[in-house]
Amino acid sequence: MPDCIFCKIINKETPSKIIYENDLVIAILDAFPSSLGHTLIIPKKHFVNIYDVEEEYLVEIIKVAKKLSLAYKEVWGIDNLQLIHNAGQDAQQKVFHFHLHLIPRKAGDGINLAHAQVDVSEEKKMAFWEKLRKANFS
Ligand SMILES: [Zn+2]
């Protein structure tokens, strides 16, 4: 995609701090980090988000997340982190090329990325669950 910042990074048209790279995936330091070491794991093929990413790439992205998590622990002693994927504008996706955030965390870092809690009625939960538990997940 010509105007995609991540495609430009993958093609080395835009500089970035590459942490790891293989045939399918690239991992870079986020230019606007939520914490020191905030990393983006990005498929080398352009997908928008979870809705269209091919499984081969998705599997590799998770494998790389595990690999980096262990490396960050060994090298920097980072043993807390969050993995976050924002899919869609209403879910605060900013760059529309699939990416998984790996955000190192530590006690007292003052960051709050915890899930918000909202009141959802039992009736709505039941309706949601009833419809989905009968869905075909093939
Ligand atoms: Zn792209």
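**Entry: β4 and β5**

I looked up I84 and found that its bridge partner in β5 is H101. Strand β5 covers residues 100-104 and runs antiparallel to β4, to which four bridges join it. I take two strands as paired if DSSP finds at least two bridges between them. Helices (H or I, at least four residues) and strands (E, at least two) are DSSP runs, and I number them from the N terminus.

I note that this is a predicted model: local features need pLDDT of at least 70, side-chain atom pairs count only at pLDDT 80 or more, and totals for chains, interfaces and linings use all residues. Residue numbers start from 1 along each chain as its sequence is written.

**Entry: the sheet**

I traced an open sheet of five strands, with antiparallel pairing and the order β1-β2-β3-β5-β4. Its edges are β1 (18-21) and β4 (81-84); each has a single partner strand, so one side of each lacks a neighbour in the sheet. On average, neighbouring strands here are turned by 15° against each other, direction ignored. Helix α2, residues 55-76, packs on this sheet and touches β1, β2 (25-29), β3 (39-43), β4 and β5. The direction of α2 makes about 155° with that of β3. For such angles, axes are lines fitted to C-alpha atoms, for helices over the stretch in contact, and the values run from 0 to 180 degrees between N-to-C directions. Contact between two residues requires their C-beta atoms, placed from the backbone, to lie within 7 Å.

I then examined further strand pairs. β1 and β2 are antiparallel and joined by three bridges; they form a hairpin with three residues between them. Within this pair, I18 stands opposite I28 in β2. β3 is likewise antiparallel to β5, with three bridges between them, and I41 has L100 as its bridge partner in β5.

**Entry: the core**

Which residues touch the most other members of the largest nonpolar core? I find V25, I26, A27, I41, I42, V64 and L102, out of 19 residues in that core. At least two core residues come from each of α1 (5-10), β2, β3, α2 and β5. β2 gives the most, with four residues. A nonpolar core here is a set of buried Ala, Val, Leu, Ile, Met, Phe, Trp, Tyr and Cys residues joined through C-beta atoms within 7 Å. I call a residue buried if 20 or more other C-beta atoms lie within 10 Å of its own, exposed if 12 or fewer, and partly exposed in between, with C-beta atoms placed from the backbone.

I followed L102 in more detail. Leaving aside residues up to four places away in sequence, L102 touches T39, I41, A65, L68, L81 and L83. As for β5 itself, four of its five residues are buried, and the strand is mostly covered.

**Entry: two loop residues**

I checked backbone angles next. Most residues other than glycine have a negative phi. K12, not a glycine, has a positive phi of about 65°; K12 sits in the loop between α1 and β1. Q92, also not a glycine, has a positive phi of about 65°, and its place is the loop between β4 and β5.

Are these residues buried or exposed? K12 counts as exposed because it has 10 C-beta neighbours inside 10 Å. Q92 counts as exposed because it has 9 C-beta neighbours inside 10 Å.

**Entry: helix α3**

I looked up E130, which lies in α3, residues 122-133. With 9 C-beta neighbours inside 10 Å, E130 counts as exposed. Its C-alpha atom is separated by 43 Å from that of I10, 120 residues apart along the chain. How many of the twelve residues of α3 are buried? The count is zero, and α3 is hardly covered.

**Entry: the whole chain**

I count three helices and five strands in the protein, running α-β-β-β-α-β-β-α from the N terminus on. The C-alpha trace spans about 50 × 40 × 25 Å along its principal axes. Of its 138 residues, 18% count as buried. Among contacts with a separation of 6 or more, 53% are between residues 24 or more positions apart.
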